[in-house]
Each structure stands twice: as structure tokens, then as C-alpha cells.
Amino acid sequence: MFRKFLFIVTVGLLLFAGLVTVPSSHASTLPGYYSSYWYKPRLIHVKYPVYVYQVNPENSRTNQKMVLLEDSKVQAENDTTFGWVVKAPYLQQKRGYIWIVKGHYSQDWIKW
């Protein structure tokens with residue numbers, strides 16, 4: 001118990017003195033748009049409002065459009081055909097359709 005307390009106090013003093021820094025994570029540290037990191041679904045937050053479209057992948061017809069508000073929590077992946085594909089409980093799933101973010105060819109809309 002004492003060793004744990006001593007460790008916490010030591011780390012606190014080092015952080016307070018500025019001898020040790022904790023790296024902050026922000027959009028500039030995200031992997032690039034073409035990185036294979038995005039080929040797997042990732043849980044993210046939206047930095048600013050973006051439009052999402054429900055699209056039929058077979059013929060690229062748009063069924064409906066919604067806005068993802070700031071700080072919305074979604075699962076996103078970068079598909080080679082459609083770009084950003086998103087999933088969330090509040091995005092109604094319709095058989096044969098997917099939700100995509102059009103017109104964003106970078107990760108600037110993503111909050112880490």
C-alpha cells in the first residue's frame with residue numbers, strides 16, 4: 001500500500017515539475033486517410049457536423065440523408081469503394097444499404 005502511494009506521489013511530482021510529459025492525442029496524430037488502420041471498424045467521435053447518406057452499394061442510389069452532430073459516437077471504417085462507412089445505433093439499418101460520409105477524403109472530421 002505504501003509503495004503504491006509512494007509511486008503515485010513520485011509520478012505526480014514529476015508531472016508537476018514538467019520533467020515528464022504525457023503526449024496528447026489529437027487529429028494530427030491520426031493515421032492517414034489511405035492507411036490500412038482504417039480498413040478495420042474503429043470507434044470514433046465526430047469533430048464537427050457532417051452529412052451521412054444511406055446508399056445502396058449495388059447502384060449507388062441515395063435513400064436518405066442525415067447529419068452526424070458534433071461529438072456523435074460512431075463506428076467508422078475506410079472502404080476502398082465508398083470512402084468512410086459509418087455505423088451507429090441511431091442510423092437506421094435497411095437491408096442492402098450502408099451509411100457513408102461523402103466528400104471527406106481525410107480524417108479532419110474525426111475527433112480522436
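**Entry 1: strand β6 and its partners**

I looked up Val85 first: the bridge partner of Val85 in β6 is Ile100. I took strands as DSSP runs (E, at least two residues; helices are H or I, at least four), numbered from the N terminus. I counted two strands as paired if DSSP finds at least two bridges between them. β5 and β6 (residues 98–101) meet that with three bridges, in the antiparallel sense.

I then checked the pairing of β6 with β2 (residues 50–55). Three bridges join β2 to β6, and the two run antiparallel. Val55 stands opposite Ile98 of β6 there.

**Entry 2: provenance**

I am working on a predicted model, in which local features need pLDDT of at least 70, side-chain atom pairs count only at pLDDT 80 or more, and totals for chains, interfaces and linings use all residues. Residues are numbered from 1 along each chain as its sequence is written, and side-chain values use heavy atoms, with hydrogens and water left out.

**Entry 3: strand β5 and the hairpin**

I followed β5 to β4 (residues 73–79). Five bridges join β4 to β5, again antiparallel. Gln75 stands opposite Lys87 in β5. The link from β4 to β5 is a hairpin through three residues.

Next I asked how many of the five residues of β5 are buried. For burial I used under 20% relative accessible area, with exposed over 50% and partly exposed in between (1.4 Å probe, protein chains only). Four of the five residues of β5 (residues 83–87) are buried, so β5 is largely enclosed by the rest of the structure.

**Entry 4: the loop between β2 and β3**

I moved to Asn59, which lies in the loop between β2 and β3 (62–68). Asn59 has 37% relative accessibility, so it counts as partly exposed. A polar atom of the Asn59 side chain lies 3.1 Å from the backbone nitrogen of Arg61. My criterion for a polar contact was a pair of N or O atoms within 3.5 Å; within protein, one must be able to donate a hydrogen and the other to accept it, and residues adjacent in sequence count only if both atoms are side-chain atoms.

Ser60 is found in the loop between β2 and β3. Its phi is near 60°, a positive value in a residue other than glycine. I noted 48% relative accessibility for Ser60, hence partly exposed.

**Entry 5: the loop between β3 and β4**

I checked Asp71, placed in the loop between β3 and β4. Phi of Asp71 is near 70°, a positive value in a residue other than glycine. Asp71 is partly exposed at a relative accessible area of 43%.
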